[in-house]
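Here is a friendly walk through one protein model. Keep the sequence and the 3D view open as you read.

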Amino acid sequence: MQEDTENNRLTEINIGNTPLRKCAHLSVRFNTNIYVKEEFYNQGKSSKDRPALFMIQDAIAKNKITKGGYFVEASSGNTGLGVVLIAKQLGYKAKIFVSKSCSNEKIEALKTAGASIEMCENSNGLHDFYSTQFRAQSFAATNPNSYFTNQYYNSQNIRAHYKTTGPELWEQTNESITHFIAGIGTGGTISGVGRYLKEKNKHIKIWGVEPNGSILQYFLKHRRTPENPEAFDSIEGIGRNFIPGAFDADYVDEIFQIGSRETKHIALEYYEQTDILVGYSSAALIASIEQHLTKMNFKPTDQVVLLFPDHGSRYKSKLYKKLLKTTNNTKNTF
Ligand SMILES: Cc1ncc(COP(=O)(O)O)c(C=O)c1O
C-alpha cells in the first residue's frame with residue numbers, strides 16, 4: 001500500500017497536458033488552420049483547474065491554511081469546481097460563492113463534488129457588497145483557517161497558464177502557432193499564455209474575446225476605464241465591469257467583442273453541423289471570428305489556436321435546451 005503523503009496525492013491530480021486538435025470544420029469555414037485546445041479534459045472539466053491548483057499549492061506552501069481548513073473562492077462555477085476537487089484530494093474543504101447567473105449544470109456539479117455553495121446577486125468585484133468576491137473575502141476574513149484563493153487578483157492565476165498552458169501550446173504546434181484566441185474573464189489565461197508565447201516569438205498575435213459592453217477592450221485602447229460603463233451582455237465566464245488584477249494588458253494585442261445572441265446562434269449552428277456541443281464562451285470565440293473575419297485577415301498558412309475552456313454539456317439548459325429535446329441526442333454526455 002502506498003504511503004499517504006502530499007506527493008502521492010498530488011500525482012493523483014489530473015490537470016494539464018490537454019489535447020490540441022485540428023478542427024476541420026472551422027479550418028474550411030475560415031480558410032486557415034484552426035486548432036482547438038480542449039481544456040475540458042482537465043479533471044474538473046475546465047481550464048480553471050490550472051489556476052485552482054497553483055493557487056492552492058501556493059497557499060499550502062506558504063502555510064496560509066492547515067489541513068481541514070476552507071479554501072474559499074468566488075466563481076462562475078469552473079474555478080469553484082477546480083478548487084473543490086483539489087481541496088478534497090489534499091484534505092481540505094471548500095466554500096464557493098457563485099453568482100445567480102451560473103448554469104444549473106455547474107451548480108449540480110459543485111454540489112455533487114461536495115462544495116458548500118452560497119448564491120450571490122452578481123460578480124461585480126470586491127467593492128460590491130452583494131458580489132461573490134465581497135462575500136468570499138468577508139467569509140475568509142471572519143472564519144479562522146480559511147483562505148480566499150481570489151482568482152481575480154492572485155498572481156498564481158497568470159502563473160499557472162504561463163507555466164503550463166503556454167508551453168503546451170508552443171510544443172503542440174511545433175513552435176508554429178501564429179494566433180492565440182481566448183475569452184477573458186479574470187484575464188489569467190490570456191495574460192499567462194500571452195506572456196509565454198510573446199517571449200518565444202513576439203509576432204504571435206494574442207487576441208481576447210469579451211461580450212459587448214464589457215470594459216476590457218476600452219481599457220486596452222485607452223489604459224483607463226470608461227466613465228459610464230454600460231451593462232455588459234451576458235456570456236457565462238467572460239466579460240467584466242472592472243479590471244481584474246489578473247489581466248495583463250501588456251501581452252494582449254487586440255480584444256474583440258461579441259453579442260450573446262450571435263454566440264447562441266453559432267453554438268446551435270455548430271452543433272447542427274458537427275454534432276458537437278461547445279461551451280458558451282467557446283462559441284463566443286467562433287462567433288467573434290465569424291463577425292470580425294475581415295479584420296482578422298487570416299492567411300491559409302496561419303496556425304490559429306482557440307482555447308475552449310469547458311464543454312457544451314455544461315450549458316445544455318442554457319444553450320441547447322430546444323435542440324436536445326427535439327433530437328434526443330445522447331452523444332456529448334461529456
Ligand atoms: C467558461 C469560461 N470561459 C472563459 C473564462 C475566462 O478565463 P480567464 O478567467 O482565465 O480569463 C472562464 C473563467 O472562469 C470560464 O469559466
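## Two cysteines

How far is the sulfur of Cys102 from the closest cysteine sulfur? The closest one belongs to Cys120 and is 11 Å away, too far for a bond. A disulfide is a covalent bond between the sulfur atoms of two cysteines; here it is counted when a pair of cysteine sulfur atoms lies within 2.5 Å. A search of the whole structure finds zero disulfides.

Cys102 is buried, at 7% relative accessible area, and Cys120 is buried too, at 7%. (Buried means under 20% relative accessible area, exposed over 50%, and partly exposed in between, using a 1.4 Å probe and protein chains only.)

## About the model

This is a predicted model, where local features need pLDDT of at least 70 and side-chain atom pairs count only at pLDDT 80 or more, while totals for chains, interfaces and linings use all residues. Residues are numbered from 1 along each chain as its sequence is written, and side-chain values use heavy atoms, leaving out hydrogens and water.

## Asn33

Now find Asn33 in strand β2, residues 33-38. (Strands are DSSP runs of E with at least two residues, helices are runs of H or I with at least four, and both are numbered from the N terminus.) Asn33 is buried, with a relative accessible area of 14%.

A polar atom of the Asn33 side chain lies 3.0 Å from the backbone oxygen of Pro300. Leaving aside neighbours within four places in sequence, the residues in contact (heavy atoms within 4.5 Å) with Asn33 include Lys22, Ser27 and Thr301.

How values were computed. A polar contact is a pair of N or O atoms within 3.5 Å; within protein, one must be able to donate a hydrogen and the other to accept it, and residues adjacent in sequence count only if both atoms are side-chain atoms.
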